[in-house]
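Hello,

Here is the structure for your files. My notes on it follow below.

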Amino acid sequence: MAKNKKRLTRQEEFDIMKLVLDKFLWLGFGVMVYGLYNILTKGRVFEGFAYIVAGAIVLIIFMILIVREYEIIK
C-alpha cells in the first residue's frame, strides 16, 4: 500500500528551508568568529585566516543554495 504524502505549499517549503539554512548562517558566522578569536588572542594568524575562509565558504554555499532553489534574480 502506498501512503499518501502531504504536499507542502511554496510558503511552507520556504519557511522550513529558512529554518535549516539559518543554521548554516550561524555555523559560518561562528567559524569566522573563532578564526578571529585565534588571530586576536592566540596570535595564530594563518590558522585564524583558514577558519575565516572556511566560514566564508559555508556562507557562499548558503547563498548558492538559496539562489538555486528560489531563482532570485537581480
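Is Tyr 34 buried, partly exposed or exposed? Tyr 34 has a relative accessible area of 34% and is therefore partly exposed (buried is under 20%, exposed over 50%, partly exposed in between, with a 1.4 Å probe and protein chains only).

This is a predicted model, in which local features need pLDDT of at least 70 and side-chain atom pairs count only at pLDDT 80 or more, while totals for chains, interfaces and linings use all residues. Residues are numbered from 1 along each chain as its sequence is written, and side-chain values use heavy atoms, with hydrogens and water left out.

Aromatic pairs: the count is 3 (rings of Phe, Tyr and Trp, the last by its six-membered ring, with centres within 6.5 Å; planes under 30 degrees apart are stacked, over 60 edge-to-face, the rest tilted). Trp 26 and Phe 29 form an edge-to-face pair, because their ring centres are 6.2 Å apart and their planes stand at 80 degrees. Trp 26 is exposed at 56%, and Phe 29 is partly exposed at 46%. The rings of Tyr 34 and Tyr 51 are also edge-to-face, with centres 4.9 Å apart and planes at 85 degrees. That pair links distant parts of the chain, Tyr 34 in helix H1 and Tyr 51 in helix H2 (residues 45–70), 17 residues apart (helices are DSSP runs of H or I, at least four residues, numbered from the N terminus). Ring pairs join Tyr 34, Tyr 37 and Tyr 51 into a cluster.

Asn 38 lies in helix H1 (residues 10–42) and is buried, at 0% relative accessible area. Beyond four places in sequence, its contacts (heavy atoms within 4.5 Å) are Gly 43, Arg 44, Glu 47, Gly 48 and Tyr 51.

Regards

Notes: Helix = DSSP H or I, 4+ residues; strand = E, 2+ residues; numbered from the N terminus.
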